[in-house]
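Here are a few friendly notes to read alongside the model. Please keep the 3D view open as you go through the points.

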Amino acid sequence: MHAMNRRTDRSDGTGADPRGARDTDVIVVGAGPTGLLLAGDLAEAGLGVTLLERRPAEISNLTRALVVHARTLEQLDARGLADELVAGGHPLTGLRLFGRATIDPTQLRSRFPFVLVTPQFEVERVLERRARRAGVTFRHDSEVLGLDQDAEGVTVRFRTAEGLGSVRAAYVVGTDGVRSTIREAVGLPFPGRSVIRSLVLADVRLAQEPDSPLTFHATGEGFALIASFGGGWYRVIGWNRHRQAADDAPADLDEVRELTRLAVGSDYGMHDARWVSRFHSDERQVPSYRVGRVFLAGDAAHVHSPAGALGMNTGLQDAANLSWKLAAVLRGRAPDGLLDSYQTERHPVGKQALRSSGALIRIALLPTGPGHAVRALAAQLVNRVRPLSRRAVRTISGLGIAYPAGPGAHPLAGHRAPDFRLAGGSRLYELLRQGRFVLITPAGEPGVPQAPASGGDSPRPADDRVVTAFWRSERRTALLVRPDGYIAWATDATAPAARTAALRGAVAHWTGTEDGASIATALTPPAHAADTPAGR
């Protein structure tokens, strides 16, 4: 196969491409959930995206993830996808760990105060449909061989059934999993270790239905997770201390039944195993998520045990963090240095995911004697100490994630923005579907474009980078919310001149408007405004 010829044309009219000979803007390698969300975001921002996937189109990805947490659902809501997933899944209002500790997501201040049980392939289905509609170029059956990068771009070399090919872009993102070819191509180490061996995974039918769509128990001699994912099928993931074998050792339904009885007390009449496999689980993280023009996200950057169901969720949130930054840089609205904040913000989140899942799996693996006491104590603390319970559910759900804010920043800066109800009945995460910053102020804020007097109070764009919206309440705080749903800036200033100057400066800084020109014009009151009742 020859190199691709399609090129996103942003020339100056002379026929010369100022970006050099590129075939597309971004190459995403790996068509799992992380890659699909990232590619769809970039394409919806008007960028050229090529997605390379080693699997043929007709072969589905191996589904291990089964849970979508609240923060991930919020990110999907900001893309208009969450409600469809929720309708087809199993929302759980309680998550029981080790049979005793209960994680209570109903206390979350979110539109999604639950844990959604749904298979990874359903998440991929809605994300792939969106990516295709947005114009992503899919190239399945493409095995990446390596890459070369320089000051102007990156060339990725690949092989298909038709032969060798290459494609060049401004940036490359490796979302190609734990055995990432992109990670190896840029020479990044993947330090860590195996934490648990001889995990068994199977899809089975059950004669008896468990009490919950998601069941997890641990005894110290073994553990088992049983989850329903539709069509009468159940996913079982388990471990038996007394049956340790190499990854390539055969596993069968009898072994799955045994480990389930050991951990749960029943095998629920398992039958008709569709497939059974054995694998091991590592804890690893790359030291840097960026090497020049190449980025890593999802399992290519961090991997950990399945405890807590954090893997797919962390990867999807990686993609949400990186996509708007790549779009801003490629559209000339931010310097390349903005991309360094991906490492600053997401590497600590990946490290925390390793710690959280690691703590859970180590408690599960403790032998029966001491393990029983530790698990009982952990359950008591989580169930009875409310601050600890709130912290646990916010950590697992992802709602507790916050990013560093600069010195002197408002206390809200860097924190997740809740799904505020706004004037006119709109919601913040509905507005975020436009892929823009959202500026929320009190109605009548001097210098902020107001909604039309007729036709409702629907928010309107201040320019193509910012949507203005207004509080439904009397709240006076002004917020600028990033496209990924985190608060970039806030002010409680009341003096009109200081407040308007702060608004202008923040919008100009965050949206990359040259000298704040277009936004500053929109935010500057007319000269006579101060003499009117509204201006005073």
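1. Let's begin with terms: axes are lines fitted to C-alpha atoms, for helices over the stretch in contact, and angles run from 0 to 180 degrees between N-to-C directions. Helices (H or I, at least four residues) and strands (E, at least two) are DSSP runs, numbered from the N terminus. This is a predicted model, where local features need pLDDT of at least 70 and side-chain atom pairs count only at pLDDT 80 or more, while totals for chains, interfaces and linings use all residues. Residues are numbered from 1 along each chain as its sequence is written, and side-chain values use heavy atoms, leaving out hydrogens and water.

2. Now look at helix α2 (residues 70-77) and helix α7 (residues 311-330): their axes cross at roughly 40° and come within 9 Å. On the α2 side, Arg71, Thr72 and Gln75 make the contact, and on the α7 side Asn313, Leu316, Gln317 and Ala320 do (contact means heavy atoms within 4.5 Å).

3. Next, the sheet: six strands form an open sheet with mixed pairing, in the order β8-β2-β1-β12-β19-β18 (two strands pair if DSSP finds at least two bridges between them). The edge strands, each pairing on one side only, are β8 (137-139) and β18 (290-291).

4. Which residue of β8 is the bridge partner of Leu51? The partner is Phe138. Strand β2 (residues 49-52) pairs with β8 in the parallel sense over three bridges.

5. Finally, helix α1 (residues 33-44) lies across β1 (26-29), β2, β8 and β12 (171-174). Helix α1 runs at about 165° to β2.
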